[in-house]
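Please look at the model first, then read the points below.

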Amino acid sequence: MHHPFTLAFSILFLFATNLSAQYEDGLKFGKITDEDRQLLLVPGDSAAAAYVLYDKLDLSFDFLPDKGPVLKESFHRRVKLLKPSSFDRANITLRYDRSFQSLGNLDAQVHLPDGTTIKLRGGDFVREKGDDRKETMKFTFPQITPGAVIEYRYTLSTESILTPTNYVFQEDIPVRWAEYTARIPKYYSYLSLGMHGNYHIREVEQRPLRWSPVALRGLSNEQMIMHSDMRFVMKDIVPFKHQPYTNNLRDYLPRVRLQLQSVQYPQSMVQPVLKDWHAVANELDELRNFGRAYQVKGNYNQLWKAAGPTVMAAESPRERIAAAYYFVASRIRWDERYHFIGSDSPDNIFKAGVGNSADLNLCLLALLNEAGIDAQPMLVSLRDGGVPIEVYPLVDQFDHLMVYATVGEGSILLDANGVSRPPGLPRERALNHRGWIASTQNPRWTSVEVPRARRVMLCEMSVDEAGLAEVDLTGRLESYFAHSGRLQLKKMKDDTEAPIASDILTHFPEATVVSKEIISGGDHSAQPLTYKVRMNVAAGMASDDYLYIQPILLPLLDAELDDVQERLYPIDFPYPWREQYITNVTVPEGYAVEELPESIRLRSEDGGMEATYTAVAKPDRTITINFSVDLDRTVYQAADYATLRAMYRRIIELQEASIVLKRAK
Amino acid sequence: MNVLHYLFLGCLLFWAGAQVQGQRLELSALAAPDSLRTGNSVVLSHDIEYRITSLNSATYSSRKVISLLNADERSGNVMHEFYDDDSKVTTFRAAAYDVFGQQTYKLKNSDISDSRFTSQVSFYEDTRVKYAEIPCATYPCTIVFEVERKVADFSYVAGIPHWQPVRRGQSLVEASFTAYVPSTNELLYRSNLLADPTVATEGDNKVYRWTVSNLPAQPKESYAPAESTTLPYLRLAVADFEIDGFRGSYRSWEDFGKFIGDIMVGRDALPDGLAREVHDRVAGATTELEKIDRLYRFMQERMRYVSIQLGIGGWQPFSAAYVEQNRFGDCKALSNYMGAMLREVGITSYPVLIEWEEQMDYPLTEEFTTSSFNHMVLYVPSQDMYLECTSNDAPTGYLGEDKQDRNVLWITPEGGKLARTPILEPAANGHTRTVDLTVNHDGWTEVGIQATLYGGAQEFFRYMVAELPDPQDQVKWLHEQQLLPDVSGKGYSFVPNKDRPEVSMTYTTGVGNYVRTLGKRLFVPINGYFPESDVPSSDPDRKLPIETYTTRFLVDTVNLHLPPELEFESGGGESTTEFSHTAGEYRSRIVPTETGLQWIRSLKLLPVSLPKEAYAGYRQFFLDVSKAERMQVVVREKRTK
């Protein structure tokens, strides 16, 4: 009976393609054609600094009596170095975790354009033991010159068959041939989490092959068992490009990503590895550094003893949440490592005063749990950590743990790390749109929603005949804008580095700060930050009878969306925001308005972005400008880029628009 | 404040007092007087003992007690000690204390990481590092660090400790440095802002002791001189030493240079094949300069820079034969290789030890011999020429601005000789650039840019061209750096001159966002793409002198062309703007032309060394420059008369 290999996409069929390229029958290590030695240009890409002639990852399995199934991943890579800028690619560093991985069968050689080949010897390979379990193997190739071809191969053995190496076909340099092969015994059923790509060869077939380890499972001798043989090849692949405002780039590149789903040995029941989200939640709940960390009081007794009086002194659930949050945020330092599982019990973390991102939030969960607040762990992948996969219960997609607390009908996200960021505002890197709530009762995915960042500026500006303006500016900042404003207040050394003032000084360096004042929210991160600054700014330019005044002193947008000719990937902002700038300009006596910017309303077709600008001259020598920009939607498809960029450009024009006054005769 | 608050505060102070009495006051931030609890941390004490035990060995021990006043002193809780085959860390202890002197943490072996260390510039190094972070639950937090290292050979000589008891942003209560030196040897030293040491004799040792106390924190300020010149600092050397059987001395530059020469002896033998190739390369060359140029190019073509620090660490190069075999090497290996090739054709050259930083950590003087180098280049005396041997694209004889105008050590056959690298001339380090702006009546602007960059101003762009060979990538990068208006132009070129430190560029495009339109008016910046607008931050309470190194001469020309239907409403008339300061000279001139105007500006920037009182004037110069650079003209449709 055949146990078909499980694939998520429609690649269960055998694709027999017309084999034509030179590597279709494989590439022998060390054997290189004269043409490849002499090659000095990449076909179709004369500017390329290097060229991957061949790259292959072969996945197979072994079974060791004392260790069980082992992944054998054989890498073989051949790269042509064309320009000196690529020569650092001849310095190779291979990293692995020696606690469950080993590296062997390492061979390396360099083929030179003059026809010689130099093999690296034992002393050329340097093994470096890092801290903990990390190890690196380093080597570099001799005689590198334009046209040199470096080639190396090695086998990585891994005593965990859960997640084979992700194989990405596309690189930052052109690739002639990239191949992924796998031979997987029928005992192991893998799920494919991404095999998109324009494949030259795409084969999956079942074939009976010998596999001796069955003998170790109680059968009498070797026998033929079915294997899934996979072969995926892409050829002549152009390099990928980095583009600004891209999130989760790897998800857009062609790759093979496998995940063990289940194991079934002969005469055994299926052992599901990937179960369902309920099962995952239950397993996590039993872990010492996850569920038990915040549910077993013995693990957080000392922490509660220290924090409990403060937390329980608060009356409402929201106040208790805030008290617990600020206790953890102020007493435990983040060690700048992300994880979705803690490293120790909350008591030990509290004692050490430092922990990973999960440690801090598990401490918080423990306090909330003890204080009677309904709170659950929420697991997320970080921005650039990959688009969340909700269909399959994959735990290793997560990078970070936050807290999802329910208060009445609503909820609040908590992500403790320093007191300057309030409850409800996770760190920006955690805003990867979706998160999974690890509740044993009701595990579920939900949107990672955060309050819109807002900045409202009220500006009173009195301009003299020379164009010098006395400016009185009050800003009210909320959400992430308030957070960054408070950080700025904390770090500033003098008034010129204060919020608002420093932004104005960037554009008007000769401006001077007369005074600054925190109206409210300076020392409490849960409140909006209201801030006032008085400055003298040369906001106008006087010339003959004219006075040109720039009424918007603070840019609402810093820069145009970066200019690319062709947008390849979606544009992804971390959070929505709104900026509003209202200014009353008092013009000097004896001047009249000659020209004002036109009032206008801009709106993207889907309403995701909107800007309004109005300019009104009043009889009392004042001009009022009201300018606002809203970004509601945070993700835009690549096709929307032109529209969005045009909006950005128009908004920047508006914020730089001048008022023209003329001396009355 | 109400009565309850006072009562609470009183109780707290009483309780705190009781705690301190029961604890160890010297391990609390409270041990520092109020006047010193400034900045982010206070060094309560830092005592170092340095015992030289022979010509090639020593023991270093340190006990430092530091109070971190807040979490901003980010590395204040970190300890790390490097070691290698020549050295051993024999003590590595730390503990943390709260404000009452109560111990909150003691470093355990399991909290210490011990791993191979490879610096960012190296690929291999045989250095290891012990590292630990000491947790502080609350602030102030006092940490005691205790370290002992036994060093020998290279680790001893290259690692002679130089004492800087306090850094900027830290206050200091007290610190001491005690050196035990065998009477058969001699301790050499220079100090800054330290009293003379007490000197005593203990058995066979001379004992030198320096102390310093009660220093308020010196602020961290931009454009400040090196810390070694504004804070207490002790620079040490020993008269005699030995590494792996090589005897050396720091008694004079000549002696130290001789030692470096000794450890390089025999490393410059050329393999026969290479010797033949060297002669082939220079065959037909008519001048010595041509021979040097050919061999330098030869080396650039076949070598690549890889930093591998093995053996006698940073000082002894790999042999020319090793470099030839592998076609790679670090700065010493490549300089030695180049020198060997020159020697083969009868040209004398000297290896040169140099510090490659814009600001030298410890400026060298003739009077005191010390090793404060991080790089090696080559000097050809007959041509008065330096060769930077790690670059694959530098013109022959180009040293680089961050290596100029400083004392360096020539390793001559007679020993070391302190010499000065060439000063930076403004005219050799800058650019000439012409921007043509042709504005249409609707604001659309055709832009043409031509520029040539020289010397220090071209270095990074030459590197950029080499690292990003694809012109599309270059355009993208230059646009991201705001050095090109967009990515969709044409006629782009960025070409380094092979023989001179010059890079030339061209670019043309059309843009809709250069000019701001308002009804019938157009607001046109004159130098909108390349304004020199960096202004030092305001600092009315400046504490430190000003020291800068930038040398530039920047000439920009903008030709603004308008269509016949537009005329100037403001600006556009003939005018001149001039101002100057020790830091530079600015001159711009507008001349009306048939189609618009021409603006020519020259800006000379000079290095300065000024007292703190000059800061406001220094800043004002750059404010004036920035303002002048942001000039714009206003044009509008011609009015009928």
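Domain bounds here come from an automatic or database domain assignment. The model is predicted. In chain B the assignment gives domain 1 (3–243), domain 2 (252–420) and domain 3 (427–637). In chain A it gives domain 1 (34–267), domain 2 (277–447) and domain 3 (453–663).

**Domains 1 and 2 of chain B**

- Taken over C-alpha atoms, the centres of domain 1 of chain B and domain 2 of chain B are 37 Å apart.
- The contact involves 14 residues from domain 1 of chain B and 17 residues from domain 2 of chain B.
- On the domain 1 side, the elements that give two or more residues are strand S7 (124–125), helix H2 (153–158) and strand S14 (233–238) of chain B.
- The residues on that side of domain 1 of chain B are eight nonpolar, two polar and four charged.

**Domains 2 and 3 of chain A**

- The centres of domain 2 of chain A and domain 3 of chain A, taken over C-alpha atoms, are separated by 37 Å.
- Ten residues of domain 2 of chain A are in contact with ten residues of domain 3 of chain A.
- The side of domain 2 of chain A that touches domain 3 of chain A has six nonpolar, one polar and three charged residues.

**Contact between the chains**

- Chain B puts 45 residues in contact with 43 residues of chain A.
- Several elements of chain B give two or more residues to its side of this contact, among them helix H7 (320–326), helix H9 (456–467), helix H10 (471–480) and helix H11 (615–629).
- The largest share of the chain B side, four residues, comes from S6(B), a strand that spans 113–117.
- By class, the chain B side that touches chain A has 17 nonpolar, 15 polar and 13 charged residues.

**Helix H5 of chain B**

- Helix H5 of chain B covers residues 272–282, and in it B:Leu274, B:Val278 and B:Val282 are buried.
- Which exposed residues are carried by the face of H5(B) turned away from its buried side? They are B:Asp272, B:Gly273, B:Arg276, B:His279 and B:Asp280.
- The cover over the buried residues of H5(B) includes helix H6 (288–302), H7 and helix H8 (331–344) of chain B.
- Just after H5(B), B:Gly284 has a positive phi of about 90°.

Terms used: Residues numbered from 1 in each chain as written. Chains lettered and ligands numbered in written order. Predicted model: local features only at pLDDT ≥ 70, side-chain atom pairs only at ≥ 80, totals over all residues. Contact = placed C-beta atoms within 7 Å. Nonpolar A, V, L, I, M, F, W, Y, C, P; charged D, E, K, R; others polar. Buried ≥ 20, exposed ≤ 12 C-beta atoms within 10 Å, placed from the backbone.
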